Structure formats: C-alpha cells, structure tokens
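The topics are grouped below.

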Amino acid sequence: MYAIVDIETTGGFAANNDITEVAIVLHDGSRVIDRFETLVRPNRTIPYYIQTLTGISNHLVSTAPTFEEVAHRIQRMLDGKIFIAHNVNFDYSFLKHHLAQCGHQIHCQRICTVRLAKKIFPGLISYSLGNLCRHLEIPILRRHRAGGDVDATVHLFDHLLRNRGREMIDQFLKRGSREQCLPPHLPKEEIDKLPYSPGVYYFHDRKDRVLYVGKARNLKYRVSSHFTNNGPGRKRQEFLRQVHRISYRACSTELMAFILESIEIRRLWPPYNSSLKRFTPVFGLYVYEDGTGYYRFAIERKRKTLAPLYTFNGLDEGRNLLHKLVKEFALCKKRCHLMTDDYPCGDECNHVEPPADYNVRVNAAITYLERILPTFAVIDEGKHPEEQSCILMEKGKFYGMGYVPVHHPVGELDELKTQLTPYPESDYIRGLVYQYADKFPDKKIVIAH
C-alpha cells in the first residue's frame, strides 16, 4: 500500500518550522482507496513570502486544527505504508519529526518521485513537480497547495507505474538498496562507484562547486552513512537538497586520508565543513632583537606572518622548553620573558654583558633547537603491492606525502623529496603524524640531515 503525501510548511526544515497543510492519498497500486486533507494551525506566524507562494494566510488557518489534533489519524494512515512524495525526504522529515513530538512513531519505506522520474524519463532539464507535469501534460489545479500538489503527484505516480515504475520501485525497495535514503538529485551510481578503501570524498552541488569534504576508512560505507539519518535541522535539509555529485581520491591508509582531508578543506573552504576550520591556535617560540641589541626569546600565539622556531600545544610546554634553554645556555630569564619582577634573574644579570657576547649563546640555543627537530618518514602500505606510502617530516614540519616503490631507499632526503608531493603544513597535520609515529614506531624511519 502506498501513501502519497504533500505538505505545506512555514519554512524549509522541520526542527524550527511547523506544518500548515497536509494531504495524504492511499493508493493500492491500481487506484485511490482513501484520501485525507486538512489545513493545520501552526504555532508560529506564517512568513509573508510563504503566504504569497501558497495562498495560506494566518487568517485562513486560524480555525484549523492543530497538528496534535490530527496527528493520530496521520499516523494511522502512514504507518507501515510505502511513503511517496516529490522530494520525499523533505515531507518525511517534517511528518516524522512532528509526529514524534506528539508521541507517535511511523516506520515507512520511502519512494521519491523525483528519483523515480529520473530513472524512467532520463535527460529532462528539470524534475520539479511543475515541470514534470507540464512535460507529461498532467494538470495541477491548485499549485503549492497540499491537495493540488498531492493530486498531481498521484497522476504522476500512475504515469510512472505505466512506464516500468513497478520494476523500478521493486529495485528501490530491495534489501540493501540505498535509493530511498539518497538526496533527490544524487544518482545511486555515484554511490556504487565508490571503492571500499580509505580516502577523501567531495560532495558537489549542481554547478559542481564543492559543498563538503570528508575522510573515510572505507569510502563506500562512510559516504552511505551520510544519508541514513534524515535529520530535521535546517543545515541538514539544505545540504541534502544541494548534493548532485560525489567525487573522491583514494588513499592507501587512513592517516593519509586524514591529512588530505585537512589540506583540501583549507584549499577549498567548503560551506558545510566546520570542525577543521576552527583549529585552536597553538603557541610558537619566536626570537627578536630588542632596542639595546639583545636577542630575546618570546612565547606567543602562533602568527600567520612569522615562522616560529618551535611550536607547542600549550603554554606550559613552551615555558618548560625555555627553562631548559636558560639552564643549558646560561640565558637571562628576563630576556626570555620568564621573569617580570625587579629581582635579578642570576649571575648574567649582575654585570653588563655586551649584546654580541650574549647573542652568541642565543644563536647556540637556536642551533640546538634546529638540531633536535626530527626528520623522519612514515612508511606504510601502498595502493598496490609494488608500492609503499611515504609521509615525510622535515625538521619537525610536514613536508608532503606520496608513493614510492616497495624497495625504494628512503634514507637520502633530497632524492626522497623528488618522489613526493609537497603540501602546506599545519599544526593539526603535524600532530596527526607525530601521534601515528609514536603509536607505530616500527613504521618510522629517521633520516639524517
């Protein structure tokens, strides 16, 4: 049994909007057997542009029942049926969300007539309900009203059934098929082409702009998981409506996928990515010359315009390193900003030392820092048996990554760099590589420099 549905609402997402009209037609695959239509009085004012579009005004719904008053009947008509609508995830998310708020649950398989029409009538310019009905010469008597649109959807559904629709519906509802969960404009073939491997995936809109970048241990499983939860939030619903295509870049390891995701988010700045855009600023160790000619160390939040000598995740980590440098190279605590009061910091403050002499020890400390910054490669499996993946850290910073032949020596730094693709580095990437190298020391190869 099919339940063909159309609703009108106060806005585009269920979590913060109400239903203003519902129409449900029960169809047994041959004919209509029941019909329900009602206006619904929302708990909020209907925006003016929606009143203009639908003709449903605040006055018109002032005496209509609330959704709670009709929820039980809607639940009885929908539960256990095959839920059909034009852009089904929109209607389904609204009704499921508002029914749940009233204490009712529905469990429905779904069919989207947009997706069904694309399978049966490929190549049309538009699959909106209005354009499809014009193309198929189906009349719509009350456009943008639930009753008029649901009647048009019923006629469209009948037309689809007469043109291999039953065969397509069986395929859509087959166990393991993802059709009923996918966005209306995303072909299932886009999911089918994905490999079962680590990598980075990209969601594109109809103009091929990248909406979202993600990483995966298993591309097919991870991308499919995006469409298993049809949430009621605005961002979720807008995202589903915009997705038209998926592309991907396979990686041989999950670590490479994590790194590539970070690089691509910073390169493309997709509108639906947020977490990796908000890196917590780390601290950097800087050196500068003061007005009297002395070199001074200072720990500050990392600056975009200056390259730090060393970086830290926290201020305490930086202070501990500075205390070590003060002790090892007899530096002045005040000139390292480790003391701010008027007391002398030690022997070096009890006499006047020429800047040139003091700066020799500062330069020795800088040389020491450069020497302890590690250069190493993380070697792991490749995409093919004949190759291995390689991630290179040079003097403590991420250089790049790529693939080299299995027996390729990695001890020669300059030669190895010719085999790899350089990428921009970040503290996030550096942290990922260090954590991985600490967890799997057998995959880390130290390179002399």
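A residue counts as buried when its relative accessible area is under 20%. Cys 108 has a relative accessibility of 12% and is therefore buried. The model is predicted, and local features are reported where pLDDT is at least 70.

**Cysteines**
- Cys 332 has a relative accessible area of 2%, so this residue is buried as well.
- The structure contains zero disulfides.

**Nonpolar cores**
- The largest nonpolar core has 57 residues, and the members that touch the most others are Ile 24, Ile 74, Leu 78, Phe 83 and Leu 95.
- Helix α6, residues 146-173, is the biggest contributor to this core, supplying twelve residues.
- Beyond its neighbours within four places in sequence, Leu 95 is in contact with Val 5, Ile 7, Ile 19, Phe 67, Ile 74, Leu 78 and Phe 83.
- A second, separate core holds 23 residues, among them Ala 257, Met 393, Phe 398 and Met 401.

**Sheet β7-β6-β8**
- Three strands make up an open, antiparallel sheet, ordered β7-β6-β8.
- Strands β7 (210-216) and β8 (245-250) are the edges, each pairing on one side only.
- On average, neighbouring strands of this sheet are turned by 20 degrees against each other, direction ignored.
- Six bridges join β6 (residues 199-204) to β8 in the antiparallel sense.
- Val 200 has Arg 249 of β8 as its bridge partner.

**Helix on the sheet**
- Helix α10, residues 254-268, lies across β6, β7 and β8.
- The helix α10 runs at about 165 degrees to β7.

Technical notes:
Residues numbered from 1 in each chain as written. Predicted model: local features only at pLDDT ≥ 70, side-chain atom pairs only at ≥ 80, totals over all residues. Heavy atoms only, no water. Core = buried A, V, L, I, M, F, W, Y, C linked by side-chain atoms within 4.5 Å. Buried < 20%, exposed > 50% of the residue type's maximum accessible area, 1.4 Å probe, protein only. Helix = DSSP H or I, 4+ residues; strand = E, 2+ residues; numbered from the N terminus. Contact = heavy atoms within 4.5 Å. Disulfide = S-S within 2.5 Å. Pairing = 2+ DSSP bridges. Axes fitted to C-alpha atoms, helices over the stretch in contact; angles between N-to-C directions.
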